[in-house]
Structures are given as structure tokens and as C-alpha cells.
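Here's a quick look at how two parts of one chain meet. Have the structure open while you read.

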Protein chains: 2
Amino acid sequence: MATEVSITPPQSPEKKIGNEEEDDVVDPWNVVSKSQTGVDYDKLIKKFGSSKVDAELLQRIEKVTGKRPHHLLRRGMFMSHRDMHTILNEVEKGKPFYLYTGRGPSSDAMHMGHLIPFFFTKWLQEVFDVPLVIQLTDDEKFLWKDLDMDKARKLAVENAKDIIACGFDVDKTFIFADLDFIGQCPEFYQNMVRIQKCVTFNQVKGIFGFGDSDCIGKISFPAVQATPCLSSSFPFIFNKAKLPCLIPCAIDQDPYFRMTRDVAPRLGAQKPALIHSVFFPALQGAMTKMSASDNNSAIFLNDTPKQIKNKVNKHAFSGGQATIEEHREKGGNCDVDIAYQYLTFFLEDDERLEQIRKDYSSGAMLTGEIKKLLIDTITPIVTEHQERRKTITDETVKEFMRPRKLKYTY
Amino acid sequence: MATEVSITPPQSPEKKIGNEEEDDVVDPWNVVSKSQTGVDYDKLIKKFGSSKVDAELLQRIEKVTGKRPHHLLRRGMFMSHRDMHTILNEVEKGKPFYLYTGRGPSSDAMHMGHLIPFFFTKWLQEVFDVPLVIQLTDDEKFLWKDLDMDKARKLAVENAKDIIACGFDVDKTFIFADLDFIGQCPEFYQNMVRIQKCVTFNQVKGIFGFGDSDCIGKISFPAVQATPCLSSSFPFIFNKAKLPCLIPCAIDQDPYFRMTRDVAPRLGAQKPALIHSVFFPALQGAMTKMSASDNNSAIFLNDTPKQIKNKVNKHAFSGGQATIEEHREKGGNCDVDIAYQYLTFFLEDDERLEQIRKDYSSGAMLTGEIKKLLIDTITPIVTEHQERRKTITDETVKEFMRPRKLKYTY
């Protein structure tokens with residue numbers, strides 16, 4: 001277990017372990033960076049024991065899929081993995097795998113950062129042509145937040161609409177919310193109990209920092225997030241076939257899957273493979289956290305073009321200099337500039353991005369100009385998302401959430 | 001919490017608390033008495049904080065139901081309760097309640113002692129004319145025992161046949177096995193999670209003696225046994241009606257329901273009422289435990305008349321004297337004599353039982369004679385049970401286990 005990275009639930013800050021003075025805090029409930037350039041991912045990869053996404057892996061993905069790697073992969077936003085080569089081996093043998101990702105539906109309005117794993121997952125689904133299951137952990141949010149259960153379930157449906165609006169293929173995608181689905185699938189519950197038998201309180205204490213005053217719901221929850229890693233949890237999709245699983249997710253979710261990778265072989269299943277993303281920074285910079293309760297910390301998917309413009313202009317942390325003269329002379333710092341950072345996520349054109357980097361770094365491009373470029377890049381992404389979301393009804397969500405066969409070749 | 005009674009799971013014997021040198025051990029996994037007359041129930045009632053079933057309660061039950069109390073009630077086998085008067089108040093107001101009992105299906109062959117709570121529950125169901133839910137905790141047995149899941153599920157079905165053979169009315173009885181049912185009922189799972197949010201590890205540690213090396217399945221299991229106490233867990237039976245719940249069970253199960261009674265009001269539900277039975281003694285006497293692995297410790301429901309005869313004659317602990325002469329002179333001790341003890345459970349005729357007590361105590365009746373009386377009493381009970389069980393098919397079990405409306409007046 002990684003001990004230097006502080007792993008602690010929000011309820012027990014006194015139980016932080018390790019050198020939290022020096023290190024970033026990264027766990028499913030906390031991401032706190034001590035540096036304006038954000039979390040030190042090389043350090044984190046070493047601590048978590050995962051592998052770096054390197055040039056060789058990118059080349060192999062390109063070779064196997066015949067497609068140029070997604071810009072989030074090329075640019076190192078998905079920078080860490082476990083067993084990606086195993087998955088590619090299977091693909092080369094003509095064997096199928098499936099994708100699993102998820103979201104804890106904690107607020108009505110998702111922000112742009114929430115789209116990143118789904119954009120990338122959609123790309124993976126398309127280039128590999130594989131089925132995808134998406135877990136909405138409304139039970140987790142109910143257990144961790146001061147939230148009533150009906151509200152948690154409602155948030156799951158609203159978040160599902162934003163996810164569907166990313167353009168997932170209903171024939172290949174099953175979305176489920178725990179509080180409604182688990183009571184519809186005996187095999188899923190049975191796998192949950194199997195996993196719960198393999199994991200002790202000591203283990204979840206070590207991995208997640210749970211304490212004696214945590215409720216038993218939190219303590220057993222890791223099994224709920226682990227269960228979709230077993231294809232036998234979805235008999236209506238996979239019948240009795242044992243398919244390996246690839247999980248694209250932000251790296252803070254890795255503790256769940258380190259636990260699952262320990263358990264899976266004991267249940268006769270393959271360890272899930274993972275591909276981890278960096279965190280999407282808050283408007284105020286990589287040291288602060290985006291928060292649904294602070295409307296100015298992020299661009300929300302329901303923001304108007306005017307709100308987007310205002311937020312970027314007023315709140316996006318700038319790597320520029322104090323005066324125009326100084327900026328022209330010294331240039332801006334792209335490593336901390338949020339407008340530039342956001343562009344790396346959302347501007348697909350590599351050449352244009354590189355030109356922006358050069359111009360801003362040299363001082364040829366001013367802060368107002370790079371912010372305008374960002375506004376022009378993300379406004380259509382958000383407004384088009386809103387257009388697509390409008391077309392998604394409760395019926396659409398029901399269809400994505402209906403346990404059913406998915407289309408995949410085997 | 002009762003602290004003098006040792007509450008400890010089998011895995012962590014070092015964690016026993018209280019004066020285990022002096023006290024009986026009574027929890028869901030251990031019943032150990034230090035006395036040949038068995039557990040000191042008056043002491044246990046005081047420690048658990050329940051109420052004694054007294055003459056006043058018996059009279060009231062007779063008045064409200066118009067039926068003479070069951071012999072197990074008259075003779076003090078159901079000797080402790082919580083809130084029975086509240087249930088009777090409801091009945092007097094013409095309001096319905098429901099019964100909930102259960103069993104951990106740990107072996108193919110149930111023994112005669114297992115029938116006691118079901119015989120009594122059947123009587124309660126008949127005299128009050130109320131619906132009944134019976135939980136088979138195959139998940140618990142899977143978590144606690146070295147048992148594979150399919151075997152646990154199979155045991156649940158086999159045990160259900162023995163339960164059904166007690167004569168329950170299919171129109172008023174719903175039997176469910178956790179591993180199959182929970183994945184068929186979102187409302188049940190949702191209530192489980194609600195309960196899991198209300199109970200901390202500290203609490204289950206205090207109540208059940210769980211330790212850090214226990215698996216998270218055990219730690220969260222108490223919520224599974226608590227959930228049937230909420231009528232909203234069975235929407236197909238109760239719709240949205242909130243019915244109070246009465247639980248007939250052996251007193252070792254009380255810790256689960258003490259916990260539930262603490263949680264229920266926080267979930268807007270009534271505390272479950274309970275009526276507790278004493279333990280059914282092993283053939284070797286009240287100080288030893290009946291065990292499915294020791295075939296001679298109990299009369300099993302699949303024993304032949306010859307086996308019953310042999311077991312009673314060879315293994316039933318005798319309160320008689322060493323020689324006939326001594327027995328005639330001093331008489332037998334009914335308080336420890338297993339033949340007499342078993343007769344108090346199974347011989348319904350009060351006058352005849354009293355005559356046997358007198359004759360055996362005086363020495364007029366010999367050990368061989370009282371054992372023969374027991375054999376003659378229980379052999380037809382077992383063989384008739386076997387006859388009824390033969391008629392119960394997997395289809396019958398399926399019908400009892402099908403989530404459906406039950407007949408009750410409201």
C-alpha cells in the first residue's frame with residue numbers, strides 16, 4: 001500500500017498518514033496539490049505502483065486500433081495505466097474486452113472537467129468497438145453526503161443525461177445507478193457479497209482511511225465499486241463469458257481498483273486493467289478544487305456563453321505578467337496558466353496549440369487574447385452539449401438503464 | 001449495551017468482554033451455558049433490557065386473540081419480549097401488523113429445535129391472521145462459513161422445504177433467500193443502505209464483537225437482517241403502508257434487533273417488537289451445543305424412527321439416578337433431564353406432562369420409561385414432517401419465494 005500519499009476520508013482528518021507536509025493528497029474524496037502546477041504525477045505513479053503511459057504504448061495503441069491516439073492520450077492527460085498491454089494482447093488475439101467507468105452523482109450540474117473521462121471513454125469505445133458499462137454511485141453519494149435517498153437517485157438520472165449527451169451508442173452502452181440497479185440483478189449482488197468476503201476492515205482502513213466511527217455503509221461500499229469489474233455481474237450483457245475489463249478513470253479512483261485487483265484472481269476473474277487521467281484543474285488554478293458549491297470554480301455544463309466569458313475573464317488563474325510591458329518582455333507561464341491548460345484538454349488541433357504555447361510563452365500573446373481563444377474554444381462545446389442534452393428525455397435514460405444485451409462481437 | 005454478557009464472534013475469541021468466567025455467552029454465533037440447567041434467562045433478560053413474558057401478557061394475548069396461548073408460551077419457552085403490548089394495542093384498534101422470522105441455512109438437515117420458532121410463528125400467524133415474511137440468510141452463512149455461494153443458495157432452498165412443511169399458508173407467507181431476493185427488490189436494497197448509513201463500525205463492534213480482521217461483508221451484514229423490519233422493504237406485499245413488525249426468534253438474535261430498534265425511528269419506522277424463545281437443548285444436555293456436524297447431538301428432521309430411538313436411548317442426557325433402586329428412592333431431576341425437557345417442547349397435553357413430571361420426580365417413572373414416552377411423542381412429529389416435506393417440490397418453494405401480494409385485511 002502507498003503510505004506516503006495521504007489517504008484519508010473527509011471525516012477523519014486527524015488520521016492522515018505519511019508526509020502530508022510535502023506530498024499531494026490523492027484519494028477518492030480528496031485531491032489537494034501543494035504546487036501551482038498541480039499534482040506530481042510521476043511521484044504518484046511511483047507510489048501507486050502503476051505504469052507510465054509511454055511512447056511505446058501509444059505506438060502500440062495506434063498499431064492495434066489503426067487510429068491515431070486521442071489528443072488526451074497524446075498530450076499525457078491519460079498518463080498512467082495498469083495492464084494496458086494485456087488488454088492489447090487480447091485485442092490482437094481477436095478477443096473482446098469491455099470498458100467500465102463511472103461517476104458519483106453529487107450535483108445537478110456537471111462541470112467541463114467531468115466530461116474528460118467520458119470523452120476519452122467514448123473514443124476508446126469507438127476505436128476498439130467494445131461494450132461499456134457506466135456506474136452511477138448514487139449509494140456512495142447518499143452515504144457520504146447529507147443527501148436524502150430520493151435526491152441521490154434523481155441526481156443519478158440528471159447526470160446520466162449529461163453522460164448520454166457525450167454521444168454514447170445506446171446499442172453498446174449500459175448505464176446503471178446502484179440504488180436502482182443492484183435490486184434488479186441477483187448476480188451483481190452475489191458478486192458484491194463475494195468481494196465483501198475477501199476484504200477485511202483492516203484492508204479498507206489501510207486503503208481508504210476508514211475509521212471506527214465511519215458507518216458500515218461506507219466500510220462495505222468499496223465492494224460496490226469493485227463489482228462491475230467482473231463481467232459475471234452483468235449476465236444480461238455477457239452471459240457466462242468472462243471478459244477482461246478496462247477502466248478509464250481519474251487516478252484518485254485507483255485505490256478502489258488496487259483493492260479489486262487483489263481480490264479478482266481469488267474469485268477466478270482477471271484483474272481489471274486501468275488507464276488513469278490527471279485531474280482537471282479549477283479555474284482558480286491547480287492548487288484549488290472545483291466545487292459544485294462554488295459556482296465560480298468551474299465552467300458548468302449549464303453555463304450560458306455570457307457566464308463562460310465572465311468566468312474565464314474574471315476567475316481563470318493567469319500565468320501572465322502583471323503589466324502588458326512586463327508580459328511582452330518576460331512572456332506568460334503556460335504551466336500554470338489555466339486558459340492554456342484548459343486549451344490542452346479541449347483544443348484538438350496540435351499545431352495550433354503549439355503555436356499558442358509559443359506565442360504566450362514569448363509574450364507575443366497577451367492574457368486577454370489567450371482567454372478569448374479559450375472562450376471561443378469551449379463555448380461551442382458547452383452550447384452544443386446543451387443542445388444534445390435537451391433532446392435526452394427520461395425515456396432515453398430508461399433505455400440506457402434497461403438491463404439488456406449489448407452489441408459486441410465475440 | 002449489555003457488557004457483562006460476552007458478545008464475541010467465533011473468529012476473535014480473544015476479544016471476549018465481561019465476566020465470561022461467570023456468565024453465559026449468548027450472541028448470534030455462540031450460546032454457551034455454564035450450567036446443566038442451561039442459560040439463566042432472568043439474568044439475560046435483565047442484561048438485554050427486554051421484558052419478561054408474564055401472566056398479565058398471557059391473559060392479554062388470550063383476551064385479544066380469543067385463543068388459549070400456545071403451550072410454548074404458557075410454559076415459558078417464549079419468555080421474553082419487547083413491545084408486545086404495543087402490538088396488542090394495534091390489534092385492539094383493528095390495525096394490522098406483520099410477522100418476521102428467519103433462519104441461517106447452515107446445513108441440509110434441520111433438527112427438531114429448528115422447528116420451535118416456526119411452530120410458534122405459525123400459531124401467531126393463525127391466531128392473529130397476519131402476513132409473515134421469512135428471511136433465509138444464505139449470505140450470512142456464505143460470509144461466516146467455509147461454504148461456496150451455490151451451496152449456500154442450495155441450502156436455503158432445502159431449508160425452505162422444511163419450513164414450508166411446518167404448514168405455512170402460501171397466501172400469507174413470503175419466504176426469501178437474501179442472495180437471490182436482494183437482487184430482485186430495489187426497495188429492499190435501498191433500505192439496507194439507509195440502515196447502513198445509521199450504524200457505525202464502533203456500534204457493530206460493541207454489539208457483535210466484530211474486529212478489524214473481520215471481512216467487510218460481516219461488518220455490514222447486520223443491516224441485511226435489520227431490513228425486513230421495515231414494511232417498506234416489501235412494496236409488493238405492503239405497498240406504501242407502514243405496518244409494525246413482530247419478530248418471534250431465539251433470544252440470541254436479539255442483538256440484531258436491538259440495533260434495528262435504535263435505527264428504525266431515525267428512518268421514520270416503528271421499532272420492531274420481539275418475542276424471544278429459550279434455546280432448545282442438545283441431546284447431551286443444556287451445556288453442550290447441537291451441531292450439524294455431530295449427528296448424535298440432535299434429532300434431525302430426516303432421522304428414521306430407528307435413529308430417533310437409538311439417539312434418545314443412547315445420547316439423551318438423563319436426570320435419573322445411577323441405579324433403579326436409587327432412582328425409586330430419590331427420583332429423577334426434570335430440570336436437567338433431556339427427555340423431560342424435550343417433552344415440554346413437544347407434548348401439548350398439559351395434564352399429561354404434569355403427571356410425567358410428578359412420576360419422574362418421585363421415582364415412580366424410570367429413565368427408560370420417560371425416554372420411551374419421548375420417542376413415542378416425537379417420532380410421529382418427525383415422520384409426519386417427512387411425509388409433508390416429500391410433497392414439497394422446487395416449484396412449491398418457488399411459489400413461496402415469488403415476490404407477490406399476500407392476503408391480509410387492512
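In this predicted model, 23 residues of domain 1 of chain A are in contact with 24 residues of domain 2 of chain A. If you want to find the two on screen, domain 1 runs over 25–283 and domain 2 over 305–391 in the domain assignment. Their C-alpha centres sit 30 Å apart.

**Buried area**
- Between domain 1 and domain 2 of chain A, about 2,100 Å² gets buried, and carbon and sulfur atoms give 64% of that.
- On the domain 1 side, Arg75(A), Met112(A) and Leu283(A) lose the most area to domain 2, and together they make up 34% of what that side buries.

**Charged and polar links**
- How many salt bridges are there between domain 1 and domain 2 of chain A? The count is five.
- Take a look at Asp350(A) and Arg68(A): they form a salt bridge, with their closest N and O atoms 2.7 Å apart.

**What domain 1 brings to the contact**
- Three helices of chain A each give two or more residues to the side of domain 1 that touches domain 2: H3 (71–74), H5 (112–128) and H7 (149–164).
- H5(A) hands over the largest share of that side, four residues.
- Sorted by class, the side of domain 1 that touches domain 2 has 14 nonpolar, three polar and six charged residues.

Methods. Residues are numbered from 1 along each chain as its sequence is written. Chains are lettered from A and ligands numbered from 1 in the order in which they are written. This is a predicted model: local features need pLDDT of at least 70, side-chain atom pairs count only at pLDDT 80 or more; totals for chains, interfaces and linings use all residues. Side-chain values use heavy atoms; hydrogens and water are left out. Domain bounds come from an automatic or database domain assignment. Contact means heavy atoms within 4.5 Å. Buried area is the accessible area (1.4 Å probe) that two parts lose on being put together, summed over both. A salt bridge is a side-chain nitrogen of Lys or Arg within 4 Å of a carboxyl oxygen of Asp or Glu. Ala, Val, Leu, Ile, Met, Phe, Trp, Tyr, Cys and Pro count as nonpolar, Asp, Glu, Lys and Arg as charged, and the others, Gly among them, as polar.
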